[in-house]
Amino acid sequence: MTPVSRGRKKDGKAIARPARSEKQEAYAEAIREFLALTDESDAITAEIVASDLVGVEWLERLAGADGPYFTAELISYAKGTSTPAALALLRALQSVATTEDDRKAAELAGDELASKGVAEPAWGSSLSAVEPTECWLFADVFGDSASLICVFDRAGTQHGVVCLLSFEWGKTIAADLYPMLEPAETLEEMRERVAQSAGAVRVDSVQPAAASRLLIDGIETLDDEYGEEFEDSVASSRALVLARYRALPAAAPRPDPAAVPAETEISNTLEEFLRAAESLDATDPATRNCAELLVRFGYAFDPKQPRKSSPRKLLTFVEDFLPGRPELDEELAEILPWVLTAWTNWVIANEELPEGARAELVTVTEDLFAQLAVDDVEDDELSLFADEDDEDGEDDELDDLDEDEFGDEEPTVIDYYLDDVQEIPDVDTLRDILDRRAFAIPDHNVQIDDTIVELDPRDPEYRQTLIVAEHPELHEALTDPDFVGEINGVDPKVFLLGQEVVAEHLWHDEPMEVWAAVKRLKEKGQKRTEILAALGAAAIANGYVTDEEDAGEPDEVGYRAAVDGL
């Protein structure tokens, strides 16, 4: 056939080519991804791409799909495509495919293409020459999580893999996995973080066999128990990390599990805590029940260190362990914030924690205290404030609260956070206002010496006091008339003024972009302190905080844009 006549019958009519199936198109696209990878000096980029492809099969298996699976079909398709890109794909799968059968099939298919004269990728001959060089564990001081970094050398080029590990419920879990192309730079950045953490993060060299044990335990727990609850990068990098696991020495023996605690041990811990917690009434049944729940949770969550606390441990207790438990009645829910606070104080008094870790633990406890107080507000309580049923359009219930005093009753969370709200159409809107204001000012209590004092967050001056109380690390500098400089990279006074501005904006929901940014950043997993710091920086940068008398008006347009861009 001449080039002109190829694909045509002799009568000149075109032969109808069958349309590619969706799977075939996916396989063809996979091979095209390797067109630019055949001349790379090292195989790591090709392995990363192949690992992402193999992740498709892992997701299929998690979803309960029956075979044939993606990897085997992709190998079969590439075998019939005699191109350098197809051979590069097969060589990469020879390295990272997660089953022995698939790795062998990829190798044989690649050898067949090579025997036909298809050019090997530039990195093909060094593909298997991977040697581990060093392993490091960067762990938080609480012992909840760590970053395991394993560095490898291949023909003089280094790369690595990172496994973010969580330690909870007596298990090791791979929370995230990803490759590392510049290990020297990454390690240097991690060491800088350690140096700046004031002891909250530590770094330890790990023997390759111990690293191997951590890797495989984390991935097996993820596979067995966590279904599809993982970061997207886990699916794409899992095959590559397993390939590097195979390059490590045999895993060290698994540590013995923690012994099941005796009831007497749990009881002794409970009594010791209650004796030390002077702020709690140890004779009150609800207090004892709540404290016992917390102690028993500690033994379940971290059997080897049940008396330790951490931000994650507290959050897991409140958000995952307690909901739905039959013991959690209204009385216990009311005492819970106070028990958590007493537990944190007890832990801090008995554990040798760095100052930064102590401050973080206190901050999380205070945030949870406020969250629990807000969450304890029932919708039927909020509905009393909704004016949708008032014929005259006025909120009669709120009129009763416009007095300076609350009568004989103690003011409630609703009184403090919603008393000045008028003409609210529904409970959902009230809940949003409550959440917004509680985010700005989560706690209306401050401790002065040994006394807890309630302040009214509706008053701007009290809001200022509550904001300052949230930052004990700045108190010494604020009271020192000779202090000049920065703490944690910020001028203390300017920083707190910025926080006051943000609290004012959140309290009144003006500009509205501020609360929208908070909700957006919370969904992305940012902490409250991080969000407020970013908003405060935006306010400062746009002239809301200045010591110049003739500085002029703040740049509201620039501020809105900056907040929108967070």
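I shall start with a pair of helices. The model is a predicted one, in which local features need pLDDT of at least 70 and side-chain atom pairs count only at pLDDT 80 or more, while totals for chains, interfaces and linings use all residues. Residues are numbered from 1 along each chain as its sequence is written, and side-chain values use heavy atoms, with hydrogens and water left out.

Two packed helices are described by the angle between their axes and the distance between the axes. Here the axes of helix 3 (residues 70-79) and helix 5 (residues 100-115) come within 10 Å and cross at roughly 5°. By axes I mean lines fitted to C-alpha atoms, for helices over the stretch in contact, with angles from 0 to 180 degrees between N-to-C directions. Helices (H or I, at least four residues) and strands (E, at least two) are DSSP runs, numbered from the N terminus.

Which residues make this contact? Helix 3 contributes Thr71, Ala72, Ile75, Ala78 and Lys79, and helix 5 contributes Asp102, Ala105, Ala106, Ala109, Glu112 and Leu113, where contact means heavy atoms within 4.5 Å. By class, the contact of helix 3 with helix 5 has seven nonpolar, one polar and three charged residues. For these classes, Ala, Val, Leu, Ile, Met, Phe, Trp, Tyr, Cys and Pro count as nonpolar, Asp, Glu, Lys and Arg as charged, and the others, Gly among them, as polar.

Helix 3 also meets helix 1 (residues 22-32): their axes come within 10 Å and cross at roughly 70°. Helix 1 and helix 3 are therefore roughly perpendicular to each other. On the helix 1 side the contact involves Lys23, Gln24, Tyr27, Ala28, Ala30 and Ile31, and on the helix 3 side Phe70, Glu73, Leu74, Tyr77 and Ala78. These residues divide into eight nonpolar, one polar and two charged.

Let me now turn to the overall picture. The protein has 23 helices and seven strands. Buried residues make up 42% of its 566 residues; buried means under 20% relative accessible area, exposed over 50%, and partly exposed in between (1.4 Å probe, protein chains only). Among the contacts with a separation of 6 or more, residues 24 or more positions apart account for 65%.

As to confidence, the protein averages a pLDDT of 79, and 82% of the residues score at least 70; pLDDT is the predictor's confidence in each residue, from 0 to 100. Over residues 1-19 the pLDDT is below 50, and this stretch has eight contacts in the model beyond near neighbours in sequence. Over residues 387-408 the pLDDT is also below 50, with 30 contacts beyond near neighbours in sequence.

Next, the aromatic residues. How many aromatic pairs does a search of the whole structure find? The search finds 14, where rings of Phe, Tyr and Trp (its six-membered ring) pair if their centres lie within 6.5 Å, and planes under 30 degrees apart count as stacked, over 60 as edge-to-face and the rest as tilted. Phe317 and Phe321 form a stacked pair, 5.7 Å centre to centre with 25° between the planes. Both lie in helix 11 (residues 311-321), four residues apart, about one turn of the helix. Both Phe317 and Phe321 are buried. Together with Trp169, Phe297 and Phe301, they form one aromatic cluster.

Finally, some local backbone features. Asp153 is located in strand 2 (residues 145-154) and, at 22% relative accessibility, counts as partly exposed. Asp153 and Val130 are 23 residues apart in sequence, yet 5.8 Å apart in space, C-alpha to C-alpha. In the loop between strand 2 and strand 3 (157-168) lies Ala155, whose phi is near 55°, a positive value in a residue other than glycine. Is Ala155 buried or exposed? At 63% relative accessibility, Ala155 counts as exposed.

The loop between helix 20 (492-508) and helix 21 (512-523) holds Pro511, and a cis peptide bond joins Glu510 and Pro511, with omega about 0°. Asp509 is placed in the loop between helix 20 and helix 21 as well, and has a positive phi of about 55° although it is not a glycine.

Technical notes. Angles under 35 degrees count as roughly parallel, over 145 as roughly antiparallel, 65 to 115 as roughly perpendicular and the rest as oblique.
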